[in-house]
Amino acid sequence: MPRVRPFLTALLASGMVAAGLAQSVVRTADPAKRGLRDRDFPRTIKVTGNVYTYEDFHAGDEKFTTTDMFVVTEEGVLVADGQGSPAATKGLVDAIRKVTPKPITTVVICSDHGDHTAGNGSFPSDVHYIIHPTSKAILERGRGWKAPGDAELVADKKTVQLGREELQILFLGRAHTGGDLSVYVPRQKVLFMSEIFLNRVFPAMRSAYPTDWLGALTKAERMDVNIYIPGHGFTETGDVSKEELRAYHKALDAVIAEATRLHKAGVSVDDAIKQANWGEYASWTLAKSQGPIAIRKVYEQLEAKLP
Ligand SMILES: [Zn+2]
């Protein structure tokens, strides 16, 4: 059908129809736009086989999810990230109990931010924590939850054998926090990226390393992965998750480019915040609050004020 192909190609290139063809989900972090109700959350999603995600709302007026992953094995459950309060993380623990009687044995701190760690007191007291040394130090300086003294430090890569499941804890480079860890399940080809991947959420840079973050995304894209899981925003199915990771990478690239353009034009930080044109990303969740933070962070990086 030579006449149809160019038409379809054009539609796909426009991005308007890709969603409908690949999966009938609205590409957004906003539950209402996605067709979901408040009472649909928190929710547990079976991603594939023994891999699940748990989504609950982040604090604040603008509704979007904080997303955790858990992997069930015959020897116990590995959890990647918690929620932002003891009550919310208790919800995660209870949800895991509904899926399996196996105990939670391992918790990986993929993001040290409070919205992923402040509820960690609700995990069983004997769980084994895995954390990047940078994140452990950040938590020690802060006022919130702290990793216990026997937490295992992973600076680069560590393979964890839990039952028959091999799990890889990976540091793909500094990104959203500086101590960002990912969890890779090779048998299922699932990669939980925590806050390295914010699905349709504006790049949040308060503690970020913008250029390093792009590198971490490239590394993730080059891995053998069927499903990428974000730390905020919805759990997607395979091909959609790949497209959304790519869309996030493009967003981060565009935000850095816009801030860099303003910096090169000699625009002051305050004026740049007013003048920044985020294009399509202005409609992404948190754009209003995170846009100014992104300007400041990219300016700091350009002025070599980042460690
Ligand atoms: Zn977060």
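**Exercise 1. Determine which residues of α6 are buried and how they are arranged around the helix axis.**

Solution. Helices (H or I, at least four residues) and strands (E, at least two) are DSSP runs numbered from the N terminus.

Step 1: these residues lie on the same side of α6, because they cover an arc of only 160 degrees around the axis; the arc is that of the directions from the helix axis to the C-beta atoms.

Step 2: the buried residues of α6 pack against β11 (190–192), β12 (227–229), α7 and α9.

Step 3: the 12 residues of α6 should span 16 Å at 1.5 Å a residue, and the 17 Å between its end C-alpha atoms agrees with this. The expected span is 1.5 Å times one less than the number of residues.

The model is predicted: local features need pLDDT of at least 70 and side-chain atom pairs count only at pLDDT 80 or more, whereas totals for chains, interfaces and linings use all residues. Residues are numbered from 1 along each chain as its sequence is written, and side-chain values use heavy atoms, with hydrogens and water left out.

**Exercise 2. Describe the largest nonpolar core and the surroundings of Met 205.**

Solution. Step 1: a nonpolar core is a set of buried Ala, Val, Leu, Ile, Met, Phe, Trp, Tyr and Cys residues joined through side-chain atoms within 4.5 Å. The largest one has 43 residues, of which Met 193, Met 205 and Trp 213 touch the most other members.

Step 1: at least two residues of this core come from each of α6 (210–221), α7 (238–264) and α9 (287–302). The largest share, eight residues, is supplied by α7.

Step 2: beyond its neighbours within four places in sequence, Met 205 is in contact (heavy atoms within 4.5 Å) with residues including Trp 213, Leu 252, Ile 256, Ile 293 and Val 298.

Step 3: apart from this core lies another, of 22 residues, among them Val 71, Leu 78, Val 108 and Cys 110.

**Exercise 3. Identify the protein donors of the zinc ion and classify the site.**

Solution. Step 1: donors are N, O and S atoms within 2.8 Å of the metal (3.2 Å for Na, K and Ca); water is not among the atoms, so sites may look incomplete. The zinc ion has Asp 115 (OD), His 116 (NE2), Glu 195 (OE) and His 232 (NE2) as protein donors, 2.0 to 2.2 Å from it.

Step 1: the angles among the four donor atoms run from 86 to 165 degrees, and the site is irregular. Four donors count as tetrahedral if all angles lie between 85 and 135 degrees; four count as square planar and six as octahedral if opposite donors are over 155 degrees apart and all others between 65 and 115; anything else is irregular.

Step 2: along the chain, the donors follow the spacing D-H-x78-E-x36-H. Distant parts of the chain are linked by Asp 115 in helix α4 (residues 114–117) and Glu 195 in the loop between β11 and α6, 80 residues apart.

Step 3: Glu 195 counts as buried, because its relative accessibility is 4%.

**Exercise 4. State which residues of α3 are buried and which are exposed.**

Solution. Step 1: Ala 88, Thr 89, Leu 92, Val 93, Ala 95 and Ile 96 are buried in α3. They fall within an arc of 160 degrees seen down the axis, so they line one face of the helix.

Step 1: on the other side of α3, Ala 87, Arg 97 and Lys 98 are exposed.

Definitions and conventions: Buried means under 20% relative accessible area, exposed over 50%, partly exposed in between (1.4 Å probe, protein chains only).
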